[in-house]
Amino acid sequence: MAMSLGFVVGILGVVILSHAAYSTVQYRGLLKIMEEEFSGPPLTVVAELLLGLGFCMWAALTVPGTFLSIHPYSEENRIVSLPDNLDFMIFNHRARVFPVELDLNFKH
Amino acid sequence: MVSKTEETQLNRLENQVDNGGGGAWEYLCLVRKLKVRRSEKVLKYGLSILNDLKKRSSLGSEEWTLYEQVAIAAMDCQSLDVAKDCIRLLRKAFPESKRVGRLEAMLLEAKGSWAEAEKAYSSFLEENPLDQVIHKRRVAMAKAQGNISGAIEWLNKYLEIFMADHDAWRELAEIYVSLQMYKQAVFCYEELILSQPTVPLHHLAYADVLYTLGGLENLQTAKKYYASVIDLTGGKNTRALFGINLCTSAIGQLAKGRNKEDKESLELQSLAATALEKDYKQRAPEKLSLLTTALKSLKVSS
């Protein structure tokens with residue numbers, strides 16, 4: 001229930017923002033016809049922008065649900081060992097002289 | 001990076017496969033993902049999958065990755081015939097592949113024919129001078145032949161081009177430490193800490209090398225880095241706790257005449273000592289008396 005309300009509010013916020021953008025473009029066109037300077041969008045558009053901002057922010061915080069905290073040193077995330085550098089692996093180690101006696105045959 | 005959960009999972013799978021339960025394929029996938037070096041087990045269980053026609057066909061297109069993994073494990077266990085067969089099959093399946101060519105050159109390395117392997121690697125590098133893995137294999141070959149200074153030279157040239165490769169920095173640091181060139185090792189560890197600041201093991205290695213270098217400034221920096229390891233691991237790293245005790249007593253010995261920041265460092269040392277004693281009481285109570293005598297001797301000398 002809360003998810004869908006958040007979604008609806010979010011979509012409403014996006015629609016408000018796009019409407020504000022459209023009206024700003026129209027206002028600018030009108031100013032071009034009247035040959036005046038474009039100092040800033042009219043006050044109604046600014047109010048609309050702030051409203052859209054508030055809606056979108058509220059939706060962005062409500063929709064994903066509760067945030068989980070990050071435990072850098074919890075028992076699961078604790079880094080136990082660094083990866084063995086397999087790119088630099090050399091085969092010139094003790095097991096070369098004492099090979100493991102495995103009776104392995106490749107049957108193909 | 002192998003985390004604790006991944007390590008327990010790996011051990012559990014290993015026990016399961018060792019005792020005859022299934023799950024060999026998952027074990028092999030986990031080993032490949034975590035990049036650990038378990039060549040005997042990989043060879044044994046990989047071959048058991050590959051020799052069984054049913055299991056092999058159930059893998060589908062992933063059987064070639066398994067062939068590669070088993071070939072490398074076979075080279076590590078010195079079963080060169082197995083490796084040769086695997087590579088031959090891979091070559092039949094992928095005739096123009098550079099990856100297979102690399103495996104063939106690794107096989108030459110494992111056999112000990114260094115000159116031919118060097119020729120193969122140079123020809124690969126002529127076609128593609130920016131192949132990272134071939135550069136690293138060349139360094140590994142120099143190291144295997146005992147030519148450590150050549151390895152350092154190649155590795156430095158590699159790092160000039162690919163500065164972000166932290167495996168290479170770590171390898172260089174370890175080579176420097178093995179040659180006791182600690183100042184250069186300190187530089188490499190600093191690069192590692194810069195690129196991966198949240199991995200406590202780099203901080204620990206850096207602090208170890210600084211403590212080995214000695215000198216008042218290095219000891220103080222080492223103490224700071226041991227403290228950051230304790231911070232990052234939530235106090236669970238025994239080596240860092242010992243490090244703080246040793247650093248504080250060494251600093252106290254060096255700076256006997258000057259009395260700056262005495263109270264803070266003593267408090268830190270006593271906290272670290274109590275944490276160590278608690279840890280030992282929990283995990284190894286019979287060694288607790290050894291620990292208390294060692295800590296007492298450190299405190300007396302400071």
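What percentage of the 108 residues of chain A count as buried? The share is 22%. The structure is a predicted model.

**Chain A**

- The secondary structure of chain A consists of two helices and one strand.
- Read from the N terminus, these elements follow the order α-α-β.
- Among contacts in chain A with a separation of 6 or more, 69% come from residues 24 or more positions apart.

**Helices H2 and H5 of chain B**

- Helix H2 of chain B spans residues 24–34, and helix H5 of chain B spans residues 63–76.
- The axes of these two helices come within 12 Å and cross at roughly 70 degrees. Because angles of 65 to 115 degrees count as roughly perpendicular, H2(B) is described as roughly perpendicular to H5(B).
- The crossing of H2(B) and H5(B) is left-handed.
- On the side of H2(B), the contact is formed by Trp25(B), Leu28(B), Val31(B) and Arg32(B). Their partners in H5(B) are Thr65(B), Leu66(B) and Gln69(B).

**The annotated region of chain B**

- An unreviewed UniProt entry lists residues 100–209 of chain B as "domain: EMC2 TPR-like".
- Over residues 100–209 of chain B, the chain is 82% helix and 0% strand.
- The C-alpha atoms at the ends of residues 100–209 of chain B lie 40 Å apart.

Conventions. Residues numbered from 1 in each chain as written. Chains lettered and ligands numbered in written order. Predicted model: local features only at pLDDT ≥ 70, side-chain atom pairs only at ≥ 80, totals over all residues. Heavy atoms only, no water. Axes fitted to C-alpha atoms, helices over the stretch in contact; angles between N-to-C directions. Helix = DSSP H or I, 4+ residues; strand = E, 2+ residues; numbered from the N terminus. Parallel < 35°, antiparallel > 145°, perpendicular 65-115°, else oblique. Left-handed = near helix turned anticlockwise from the far one by under 90°. Contact = heavy atoms within 4.5 Å. UniProt positions renumbered as here; feature names shortened; annotations may be inferred. Buried < 20%, exposed > 50% of the residue type's maximum accessible area, 1.4 Å probe, protein only.
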